[in-house]
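Work through the exercises below with the model open in a viewer. Each task is followed by a solution in steps.

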Amino acid sequence: MLILALDTAGENCAVALAKTGDGLSVLARRNEVIGRGHAERLMPMIGEVLAEAGLTYADLERIAVTTGPGSFTGTRIGVAAARGLALALAIPAVGVGVLDALIEAAGVEANDVIVAALDARRGEIYAKAIRPNDGKIIYDAQVTTAADLAQAIAGLGGEPVTLTGSAAASVAQVLSERGVMAAIAGEAASADISTIAALGALAESGKSPAPLYLRPPDAKPQTGMAVARK
Amino acid sequence: MVSSRSSSKPLTVLGIETSCDETAAAIVTRASDGSGMIRSNIVLSQLTEHAAFGGVVPEIAARAHVEALDGVIAAALREAKAGWNDLDAIAVTAGPGLIGGLLLGTVTAAAIAAARGLALMPINHLEGHALTATLTDGLAFPYLLLLVSGGHSQFLLVEGVGRYKRLGTTIDDALGEAFDKTAKLLGLAYPGGPSVELCARNGDPERFDLPRPLTGTAGCDFSFSGLKTAVRQVAEANAPLSDQDLADLCAGFQMAVGDVLEDRLRHAVAACRSGPNGRPGHLVAAGGVAANLYLRERLEQAAAALGLTFIAPAPDLCTDNAAMIAWAGVSRLVEGFPASDNIAARARWPLDEAAEPVIGAGRKGARA
């Protein structure tokens, strides 16, 4: 299966063309750290990887896209492009969670608890924790604080804990204050685009990718604006 | 020029519109004789999502667009019984509007265009409104356009596709914004335009003395913030308000707006007469406020008194839609404007780029 993977959820704009078969082989890839402006760069980068691999849009069989958490606008741009391509080419688009991709990329031994934690600003983090041996979700993806996450992790059965993500060091600090020593597998804010392609190849199709915001829109209903009525 | 246009082959364009709180897609075909046909016109309104907030919340709008847009495009194709191979181009609103929505429309359009090898036409949303009458009524250039919506209030001389001369604009609030703020102040349901219009039906427009800002002054600019403030002061002085008070205030507000439009129209026509293109024979009203039936009637009378024929597209083509974007795309293709595979969304994008920014029009430049 020829899969196009897109990641615009964070500072990076990353695109890869990968083929499944005997493992996953990446045919062409681009990664630019741009901060913002994903909308302008994404389509040209897709054109570049197709040209480099000598392929066309018609050759694509699946689109994989990161769904966040991350930049709301960036995530939406990737999801919109993926859904637009899927509609135009009549192929599936699938979503890959940023935290899931970080957990996958950490490649941790089965008995550990692996925690992906990203800086979410405002003193908060986005976090998710799973135990790879049984796939059990220990801590579902949510916006939280390092303290709340550490409390949940410290209350487990004492399994080895591995952290990954841009907030890994700050979570490790809070955990150590609770007597839990955690290993840090990486501090990147996003997984390599090849991991997005690999997870996308395995994902079930049939449901359009949708952004995983984890935070509500920053808006409050307006009340008390109106002049008094009889 | 007309003969070369009339012999051109039929063109079919997919239009995409996501600049505010409507997710819209449409298929429009221009026949060899130059006439346009709307083959589908899907508009998914986000009214209910924004109602509790008394206005459009950009983040909520963007979240709704990304969930809905591909389905709306698929529906537009289905209803038109069209496939990708039937299309000559994709036209997409690239501005002005809420940047979050514009980015989603342009990126989706760019993705589809790249995947299907289609030409991509970035469209100014205001041009869509400006050209609607050439689709619905086959109107010839030049004509005078009154564009009144939640974001814009301006008179434009439409001289041709891509040729717009701004004669006047608002120096503060847009007219639709004044309707929305009045409705909010009076506790009427969102969106404010239809609520104020409905409430005004049982009102006495003469009861409250409200100002007619800028009337009698030179030029055809608008100002509505003082009128809005006057409504608030009258409302507060008469609080608590009865149903009749509300109706009288709404009727008074609407009549004041009607008087302002009438006065400004007179000045706009005078500006056209003194211009190099002579005198247009038609006044076209467009934008969401042009769906207000009271104001349509006032404009029709005022236009007739000035010797102009009044044209207002059907209300569903006055409010935001993608048929007008598709038609603007068709019109630009016919006139030889180039396609572009790099379309940058622009929150601000005046239709008349040569027009001077207006005082009070915001630190980022004129609204339009």
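## Exercise 1: Two domains of chain B

In this predicted model, the centres of domain 1 of chain B and domain 2 of chain B, taken over C-alpha atoms, are 27 Å apart.

**Task.** Describe the interface of domain 1 of chain B and domain 2 of chain B: its area, its polar pairs and its residues.

**Solution.** 

Step 1. The domain assignment gives residues 11-136 and 317-334 of chain B to domain 1, and residues 143-312 to domain 2.

Step 2. Find the contacting residues. Domain 1 of chain B brings 19 residues and domain 2 of chain B brings 21.

Step 3. Take the area. About 1500 Å² is buried between the two domains of chain B, with 73% from carbon and sulfur atoms. On the domain 1 side, B:Leu126, B:Ala130 and B:Cys318 supply 33% of the area buried against domain 2, more than any other three residues.

Step 4. Look for charge pairs and polar pairs. The search across this domain interface gives 0 salt bridges. It gives 5 residue pairs in polar contact, both residues at pLDDT 80 or more.

Step 5. Assign the domain 1 side to elements. Helix H2 (47-51), helix H5 (125-136) and helix H12 (323-334) of chain B each give two or more residues to it. H5(B) has the largest share, 7 residues.

Step 6. Sort that side by class. It has 9 nonpolar, 7 polar and 3 charged residues.

## Exercise 2: Chain B against chain A

**Task.** Describe the contact of chain B with chain A, and say which element of chain B gives the most residues to it.

**Solution.** 

Step 1. Count the residues. Chain B puts 38 residues into the contact and chain A puts in 34.

Step 2. Take the area. About 3100 Å² is buried between the chains, and carbon and sulfur atoms give 66% of it.

Step 3. Look for polar pairs. Across the interface of chain B and chain A there are 9 residue pairs in polar contact, both residues at pLDDT 80 or more.

Step 4. Assign the chain B side to elements. H3, helix H4 (99-116), helix H6 (175-185), helix H8 (225-237) and H9 of chain B each give two or more residues. H4(B) gives the most, with 10 residues.

Step 5. Sort that side by class. The residues of chain B that touch chain A divide into 25 nonpolar, 4 polar and 9 charged.

## Exercise 3: Salt bridges between the chains

**Task.** How many salt bridges cross the interface of chain B and chain A? Work through the pairs made by A:Arg83.

**Solution.** 

Step 1. Count. The interface of chain B and chain A holds 4 salt bridges.

Step 2. Take one pair. A:Arg83 and B:Asp70 form a salt bridge with an N to O distance of 2.9 Å.

Step 3. Check accessibility against the cut-off. Buried means under 20%. A:Arg83 has 8% relative accessibility, so A:Arg83 is buried. B:Asp70 has 15%, so B:Asp70 is buried.

## Exercise 4: Salt bridges within a chain

**Task.** Are A:Glu48 and B:Arg298 buried or partly exposed? Start from the salt bridge that each one makes.

**Solution.** 

Step 1. Start with the total. The whole structure has 28 salt bridges over all chains.

Step 2. Take A:Glu48. The side chain of A:Glu48 meets that of A:Arg30 in a salt bridge at 2.9 Å, N to O. This pair links distant parts of chain A: A:Glu48 is in helix H1 (residues 38-53), A:Arg30 is in strand S3 (residues 23-33), and they are 18 residues apart.

Step 3. Check accessibility. A:Glu48 is partly exposed, at 29%. A:Arg30 is partly exposed, at 24%.

Step 4. Take B:Arg298. B:Arg298 and B:Glu262 form a salt bridge, with the closest N and O atoms 3.1 Å apart. This pair links helix H9 (residues 243-274) of chain B, which holds B:Glu262, to helix H10 (residues 293-305) of chain B, which holds B:Arg298, 36 residues apart.

Step 5. Check accessibility again. B:Glu262 is partly exposed, at 31%. B:Arg298 is buried, at 13%.

Step 6. Look for shared partners. Salt bridges join A:Arg30, A:Glu32, A:Arg41, A:Glu48 and A:Glu52 into one network.

Methods
Residues are numbered from 1 along each chain as its sequence is written. Chains are lettered from A and ligands numbered from 1 in the order in which they are written. This is a predicted model: local features need pLDDT of at least 70, side-chain atom pairs count only at pLDDT 80 or more; totals for chains, interfaces and linings use all residues. Side-chain values use heavy atoms; hydrogens and water are left out. Helices (H or I, at least four residues) and strands (E, at least two) are DSSP runs, numbered from the N terminus. Buried means under 20% relative accessible area, exposed over 50%, partly exposed in between (1.4 Å probe, protein chains only). Contact means heavy atoms within 4.5 Å. Buried area is the accessible area (1.4 Å probe) that two parts lose on being put together, summed over both. A polar contact is a pair of N or O atoms within 3.5 Å; within protein, one must be able to donate a hydrogen and the other to accept it, and residues adjacent in sequence count only if both atoms are side-chain atoms. Ala, Val, Leu, Ile, Met, Phe, Trp, Tyr, Cys and Pro count as nonpolar, Asp, Glu, Lys and Arg as charged, and the others, Gly among them, as polar. Domain bounds come from an automatic or database domain assignment.
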